[in-house]
Amino acid sequence: MNLDTFYYILAGVLVVVGMVGTVLPALPGLPLVFAGMVLASWVSGFEKVGWVVLVILGLLTVLSMGVDFAATAMGAKRVGASKLAIVGSIIGTFAGLAFGLVGVFIGPFVGALVGELIHTRQLSQATKVGVGTWVGIVAGTVLKLGLAFAMVGLFAFAWFF
């Protein structure tokens, strides 16, 4: 196998794993997508995709990380989440990974709910915080997916045209 072919395959794997990582919180989704695109550009000698496009893709990657944190924080803040609820949602996110895709979606809710329940001892407030945090995470994931597809589209356009 040609070394360039190996690098192109590796770049493709990085992009695919990165796309999956936009949904699974344990993987740095868009940074992996970006790394795959940079690798493919490097292998082609930056002839198909130049530095201008790569800078734009890099800025979209940075934006995606900000979106991730902001959406979750805004969802939690909007419903008055305590620091314990936010810590609980983080713990719940990682604990949920053990239960597959269902755990990824339920874990942050349960973690925020338990954290807020410990803080306020009020089930109605804890439920509201759990739902708000979960909505923020889902909104962030949807926005990251949109950015991921925009990045892939921009890269494909630059590569082929």
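Guide: What follows is a set of labels, each set against its definition.

Guide: This is a predicted model: local features need pLDDT of at least 70, side-chain atom pairs count only at pLDDT 80 or more, and totals for chains, interfaces and linings use all residues. Residues are numbered from 1 along each chain as its sequence is written, and side-chain values use heavy atoms, with hydrogens and water left out.

Visitor: Why is alanine 85 called buried?

Guide: Buried means under 20% relative accessible area, exposed means over 50%, and partly exposed is in between (1.4 Å probe, protein chains only). Alanine 85 has 0% relative accessibility, so the residue counts as buried.

Visitor: Where is alanine 85 found, and what is it in contact with?

Guide: Alanine 85 is in helix H4, residues 83-96. Helices here are DSSP runs of H or I with at least four residues, strands are runs of E with at least two, and both are numbered from the N terminus. Contact means heavy atoms within 4.5 Å. Leaving aside neighbours within four places in sequence, alanine 85 is in contact with Gly111, Ala112, Gly115, Glu116 and Val129. From glycine 45, 40 residues apart along the chain, alanine 85 is separated by 48 Å between C-alpha atoms.

Visitor: What makes threonine 141 buried or exposed?

Guide: Its relative accessible area is 13%, under the 20% limit, so threonine 141 is buried. Threonine 141 lies in helix H6. Beyond its neighbours within four places in sequence, threonine 141 is in contact with Thr22 and Val23.

Visitor: What makes a nonpolar core?

Guide: A nonpolar core is a set of buried Ala, Val, Leu, Ile, Met, Phe, Trp, Tyr and Cys residues joined through side-chain atoms within 4.5 Å. The largest one has 21 residues; Leu30, Val33, Met37, Val49, Leu57, Met151 and Phe155 have the most contacts inside it. Helices H1 (3-21), H2 (29-43), H3 (51-78) and H6 each supply at least two residues of this core. A second, separate core has six residues, including Val79, Ala81, Ala112 and Val129.

Visitor: What does methionine 37 touch?

Guide: Not counting residues up to four places away in sequence, methionine 37 touches Val15, Leu54, Leu57, Met151, Val152 and Phe155.

Visitor: How do you know that phenylalanine 46 and tryptophan 51 are stacked?

Guide: Rings of Phe, Tyr and Trp (its six-membered ring) pair if their centres lie within 6.5 Å; planes under 30 degrees apart count as stacked, over 60 as edge-to-face and the rest as tilted. Here the centres are 4.5 Å apart and the planes 25° apart, so this pair is stacked.

Visitor: What are the accessibility labels of these two residues?

Guide: Phenylalanine 46, at 23% relative accessible area, is partly exposed. Tryptophan 51, at 57%, is over the 50% limit and therefore exposed.

Visitor: How many aromatic pairs are there in the whole structure?

Guide: A search finds six. Ring pairs also link Phe6, Tyr7 and Trp42 into a cluster.
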